[in-house]
Amino acid sequence: MADGFTPKILVLATEKCAYPGADAVGKAHLEYPSEVFILRVLSPVLFPEDYYLRAYSKGIDGIIIASCGSDCPYHGAYERLAKRIDDLTIHMKDGGLEIERMRLTAICTVCIKAFLKEIAEMEENLIKLGPVDRALAEKLRQESRQRLEFSGRYGLTGNAATAERVAL
Amino acid sequence: MSDNTHSTGQPGKEDHEEAVLKDDAEYRQQHETLKRQQAEDRERAGVPPEPKVGVYICRCGGNISDVVDVERVAQVVGMVPGVTVSKVHTFMCSDPGQHTISNDILEQGLDRVVVASCSPFLHEQTFRGAVSRGNLNPYLYEHVNIREQGSWAHKHDPEGATKLAIQMITAAVGKLHNAQPLELIKLPNHRKALVIGGGIAGMKAAAELAARGIQVILVENSERLGGRLNDLGRIYPSETLAGDLVNDLVRQVRNNPKIDILLNSKVTAVDGFIGNFKTVIEGPFGPGGGFDKRDIVVGAIIMATGYRPYVPRDGEFLYRQDRCVVTTPEYIQMMQSMDPKAKHLEYNGRTIRSVAFLHCVGSRQLDGIHEPQPDGTLNTYCSRTCCSTILHQAVALRKRFPQVQVYDFHRDIRTYGRGEEEYYTEASKAGVVFFRYNGEEPLQVERTPGASARQSNSRKQGPITITVKDMLTWGEEIAVPVDMVVLGVGMMPSHIEDLVESIKLPTGEDHFLQEVHPKLRPVEVSVNGVLIAGTAQAPMNIQETLNAAGAAAVKAAAMFAHEMVELNPFVASVDASLCCGEGLCVTQCDYEGALQLVEKEVDGQMVQRAEVNAGLCVGCGACVAVCPHRAMELNGWRLDQFEAMVDGLMAETPHADCEPQLVNLG
Ligand SMILES: Cc1cc2nc3c(=O)[nH]c(=O)nc-3n(C[C@H](O)[C@H](O)[C@H](O)COP(=O)(O)OP(=O)(O)OC[C@H]3O[C@@H](n4cnc5c(N)ncnc54)[C@H](O)[C@@H]3O)c2cc1C
């Protein structure tokens, strides 16, 4: 691990819950490291696996998906998201990319403490792990794209596609 | 800096700036070469020319600039490919600040705009407006938050905050590179509202809508209007009769030609979207009062379905085990139906000489202390009206029967409303005895040892004993025998699971309907065109209920002010040139009719293609993730835009410290 390594953390924060939650932290004048990048999203259910893997391949060391959890305003979106992240972590694990780099959590509009705790924990994990293996992430991204394309051909989603391919 | 305008406009920074500019000379040269190369690459690849982005950085009167070196930010982002203008302003949201944006668009031909300032929740709309006034599509705008998530969150790390601002702006510029102009979605508007629930909230909303010239269908599933207020007597804090209030509202809705009241009716299906909800209502409208269905199209729906009081489990505080353990609604009924001339308080054959009121029954439940509901949830919330109800009733009881001893057992007392705290003072003066206990050490309600439930009325001691560790006497354990226990029950949402399912209504952890934002959009839900009124949303007293109902009605009326409804353009869209009709996206969509496969003719052949109904799509993006061809995108939040943002964040930028370095922005 390089000396003075500051992990780069991407936070995908939902517009209805986590993003205002992160605002609340600033409003309370509480602080967290400045290498935490918060992007506003409507719902993280939007992202295919390869989006996260691409982010790692570009040098993002850890990703926190700060969702609305069970308060998600979109029907079925949170359940789908959770399933997708489950699948993603399986693929990361299989591919040798540390799953501690990915965290799915729920942050509400006033969840100041929860937000800071998530950042601190991710920070701590990443310092232990060191910088992300970008080449490996890129390899996994390509595999994930292939899996997605394959799923298109056979009308399958998620892990079913992997299983099916193994079976074929 | 040939095509970059920097108006840092702040004196006293010259020394620093000179050093920066000198060192930047070489960097700029390198950057210009790079830009040229990129432009050539674009031309070769047939990509349209680089956009012209204007970046505006707000000082927020020092809120930002006391921490973030905004001049440095302007300078560095001015070198990001595509950025034509980068300026600093003391208050971007001021008229001159906004004017700068529209002016620059017109004069410098900007086709993209970024403002880095406070949270988007405050001024995103403001700046979209400024962009529109410059005749540019308002969705070619990106908002960067460098205050709440910048200067305020990194006060002790000015360098970090400055660097972060540069990175976030670079990301926004990247996002804008792939932005497309978007138009608000416009749909026809049916000027008719459906109000579900005929309690005070529903009646108030209906009356307010009708007063604004809007046709209303008021659907109540019981046989009468008024809801829970029909069961109350005198109400706090006005001390008027609940019946009078109900009658007043009933008169307002009954005599109104604009309001159709459907009793014993229910809404069995809801389909469609704002301005165009297709609903089915079942009720006794058939010949001879027989049940029949009606299809009614409405433009807006107001949910005023109210609450149901918490019903204690059998045996919870001896409920249903002792004949004199009752809930507050039952107690109010009992007092209502009592002979007004009665000299003694009697109930179920027992003379009542002492009454204990218990707060927080079915509210503020604690994990490990209280038994969860059958579905495993705890009512962790405060029901807000029970404290005032109890004190109101306690005072009335002491006044009516001064010989009856009244005890009040609470964890806390929350008489928060105007005119409600007075009941606490009054109760103390009237001789109500208060006990306070810690929620972690709950009180016990048991039969008094040796007392039989059917004991004669001549006994001295009450047959029920409440044991409490009383905090007001520093933890002394006190046993209080009483004749009657009144359980101050909380509120739970009405059983509207079917409506939640068919309208796709969001609910909170407490199962009440959930608003979009508790402060900024308190009566709207995430389903456009659906509003909430009264206790369907959360526990409220009458005043709050009527306020919320008025707000919901006015909000609905405002939606009807236009011929067409305008919807946010952030919905899914299909790139027909990429779609192969595999239909994975369709399997991900929970909103009926929002996304379908349709037959289309492509190159003379009939094929299947995905198609989005913009009026039904809510913009969650679940369909986007599964498309193998990236044919499905969410307008305004495209995947390539999110990718460009990561690239922008990770682009090496000059560090914000005083020693600028030469780096490649590529
Ligand atoms: C014991 C007690 C005492 C109280 N005393 C006071 C007081 O003194 N002062 C005060 O300010 N507040 C008091 N409150 C609070 C007060 O009861 C509420 O603020 C008020 O009743 C809320 O009105 P509402 O219209 O929101 O709901 P409700 O009164 O519950 O009315 C909802 C209506 O919707 C109907 N409905 C439900 N589901 C459907 C459906 N699916 N389709 C069609 N119709 C449906 C119901 O039949 C009902 O008519 C008290 C509350 C309790 C529990």
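Predicted model: local features only at pLDDT ≥ 70, side-chain atom pairs only at ≥ 80, totals over all residues.
Helices (H or I, at least four residues) and strands (E, at least two) are DSSP runs, numbered from the N terminus. Residues are numbered from 1 along each chain as its sequence is written.

On H7(B), the contact (heavy atoms within 4.5 Å) is made by B:Ile200, B:Met203, B:Lys204, B:Ala206 and B:Ala207. On H8(B), the residues are B:Val246, B:Leu249, B:Val250, B:Gln252 and B:Val253.

Now look at where the chains meet. Here 58 residues of chain B are in contact with 53 residues of chain A. The size of an interface is often given as the accessible area lost when the parts come together. Between chain B and chain A, the buried area (1.4 Å probe, summed over both parts) is about 4900 Å². Carbon and sulfur atoms give 59% of that area.

How many salt bridges are there between chain B and chain A? The count is six. A salt bridge puts a side-chain nitrogen of Lys or Arg within 4 Å of a carboxyl oxygen of Asp or Glu. One pairs A:Arg54 with B:Asp647, at 2.8 Å from N to O. Several helices of chain B supply at least two residues each to the side that touches chain A, including H4 (120–133) and H16 (639–650). H16(B) gives the most, with eight residues.

Note on methods:
Chains lettered and ligands numbered in written order. Heavy atoms only, no water. Buried area = accessible area lost by both parts, 1.4 Å probe.
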